[in-house]
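Colleague: I'm new to this one and would like a guided tour. Could you show me how to read its main features?

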Amino acid sequence: MLRYFRKQSIILDMILSSVLLPSWRKLTIYLLVSISISLYAHHVLYLYQEKRSLQNYLEGVIDRTKQSVFQMQASLNLAITNNQTTCSDDDLNSLRKALLKYPYIEDIGRITADHKLVCSALWGTFTPPIEIPGQGHQDSHFRLSWPVINGLFVKGLQRSVFNSGDAFVIPSPATFADLTRYAKKTGSVLYSSKEHYIYQTFDDITLEEAQRAISYSQDNVPLFPTGNNLLTLKICPASFNFCATAIDKQTGYFDMSVWQWLWSILVGVFFGLFTAFSWAIFKSNRRSLIYRLKYALKNDQIYSLYQPKIQLSTGKIIGVEALARWQDQELGTVSPDEFIACAEQNKLITPLTQQLVKKNLDDMRSYLQADLEFTLSINLSIQDLSNQSFLHFIEKQIKQRDIHPGQIIFEVTERSAAQNDVLKQATKRFLRKGYQISLDDFGTGFSNLSWLTAFEPNEIKIDKMFIQSIGTQTVNQITLDSIFQLVSNLDVKLVFEGIESLEEVDYLTQHTPNAIGQGWLYSKAVDAKKIGKLLNNQPFTCSTFLAHVVE
């Protein structure tokens with residue numbers, strides 16, 4: 001067990017050591033910003049939770065008010081259509097029956113044209129009649145209404161009176177008593193929709209707060225917290241002459257408990273640390289080979305240089321090999337062996353090859369069209385060669401640029417003996433279309449005589465390690481001589497890489513008169529414009545070049 005944890009700690013230390021850890025200054029900034037965002041996010045979250053609860057509370061007030069209006073209208077209609085003598089015993093009995101039907105009605109009675117209450121079901125006949133102060137308010141559901149009357153029947157008692165015809169009704173103060181509100185800091189106000197005349201306030205709402213709330217033309221949701229902000233929701237039901245506004249006096253920050261504040265801060269700390277280290281890891285990954293390769297492909301940063309292929313017996317440039325190059329801003333110069341292997345491992349080789357093929361054909365198009373014996377060699381992976389759609393891609397590009405297929409040589413490196421069957425079928429497809437196949441790095445891997453007979457390549461390329469062995473009497477020198485004998489009776493061109501001296505050229509031409517060579521003796525890989533100049537001048541065919549090399 002101890003060994004396991006020790007091993008895991010070593011792995012963790014290796015991972016952390018490769019990450020560009022954030023500085024204390026940046027970490028502090030991340031934490032402060034993240035905590036601020038977390039606190040505000042929790043403010044908004046709690047605010048909308050309060051809004052949802054307040055909405056339910058307000059809808060309850062509206063529904064109860066509608067029921068109360070309906071019951072008042074129904075009871076008034078019964079009183080108006082009553083044919084009994086006003087305030088007689090029969091009349092009062094009928095009014096009491098109507099009162100018993102509607103639980104949200106406290107009293108119902110008779111009123112004169114000059115606004116005097118004559119009698120009621122609850123109090124009987126008033127002697128003298130009770131005069132209602134004020135003119136009353138016009139109402140679409142009632143003829144007149146007096147929303148607030150103090151000391152109407154009993155000193156200190158506050159009631160509302162609604163009138164239609166010769167009848168009046170008083171709503172019960174218990175109408176809203178059983179409505180559930182979710183916090184003591186909330187309440188509501190009921191008022192006329194046109195005049196904004198307040199009928200009634202509910203729960204812990206002052207008259208000043210009620211007047212402020214109904215002054216808002218729409219819902220007020222304080223997303224930016226201040227100490228005196230109110231959360232208000234307003235509903236004015238259609239076909240009714242009243243509105244109701246629910247009020248929450250403490251919202252978001254100001255209603256959060258200590259534990260909620262602590263939780264918000266802890267969440268902010270967590271996400272601050274997470275963001276800081278994630279960004280550090282992201283920046284570290286941005287320097288990784290796979291990330292930079294994807295970036296280079298996306299921004300078309302990988303390019304090709306071209307190394308001339310020389311007919312050794314004459315010094316004439318008969319073709320070029322396209323060599324991929326990559327100069328990255330973060331990684332600097334990246335070796336083709338590295339980024340091509342990375343592309344193959346991460347399924348990026350096909351887009352990489354297609355991007356380079358288009359550039360190669362565009363760069364060499366004029367030279368290929370000017371000389372039908374001039375060739376362009378392009379390196380292909382086994383994945384590309386065995387991909388049927390890649391062959392279609394090549395044919396399309398060749399036709400678009402009016403290039404002869406026989407001028408294109410695809411160089412393939414065989415890295416695994418297990419790929420023989422795949423490679424055999426793939427090369428035959430390319431050969432049937434007129435393209436040439438070159439077997440690269442012959443003699444260094446699994447390549448042998450069976451390869452030559454199975455795949456029938458147009459040329460084979462001999463690795464520079466064999467060229468460097470010339471005159472050394474080493475195993476590589478003996479192998480090189482064996483290769484000469486091996487291919488002497490085959491119709492295959494030999495291309496030798498890494499030529500750096502005239503002695504190597506003499507040795508190769510003695511054994512293979514038609515040998516083709518590449519190497520720094522002639523030229524390093526150069527850009528397409530320099531290739532054009534070399535083709536025009538053909539500098540390797542003249543005696544001046546040979547004399548310069550000897551010196």
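Modeller: Let's begin with the largest nonpolar core, which has 59 residues; Leu-376, Ile-408 and Phe-496 touch the most other members. Helix α10 (residues 388–401) gives the most to this core, with five residues. A nonpolar core here is a set of buried Ala, Val, Leu, Ile, Met, Phe, Trp, Tyr and Cys residues joined through side-chain atoms within 4.5 Å. Buried means under 20% relative accessible area, exposed over 50%, and partly exposed in between, with a 1.4 Å probe and protein chains only.

Modeller: Before we go on, this is a predicted model: local features need pLDDT of at least 70, side-chain atom pairs count only at pLDDT 80 or more, and totals for chains, interfaces and linings use all residues. Residues are numbered from 1 along each chain as its sequence is written, and side-chain values use heavy atoms, with hydrogens and water left out.

Colleague: Which residues is Phe-496 in contact with, leaving aside its neighbours within four places in sequence?

Modeller: Contact means heavy atoms within 4.5 Å. The partners of Phe-496 include Ile-462, Ile-467, Leu-480, Phe-484 and Leu-508.

Colleague: Is β17 mostly covered or mostly open?

Modeller: Mostly covered: six of its seven residues are buried.

Colleague: What is the strand order in the open sheet of four strands?

Modeller: The order is β9-β8-β11-β10, with antiparallel pairing. β9 (198–203) and β10 stand at the edges with a single partner strand each, so one side of each has no neighbour in the sheet. Five bridges join β8 (residues 186–192) to β9, with Gly-187 opposite Asp-203.

Colleague: And Asn-241, is that buried or exposed?

Modeller: Asn-241 sits in the loop between β10 (231–235) and β11 (242–248), and counts as buried because its relative accessibility is 9%.

Note on methods
Helices (H or I, at least four residues) and strands (E, at least two) are DSSP runs, numbered from the N terminus. Two strands pair if DSSP finds at least two bridges between them.
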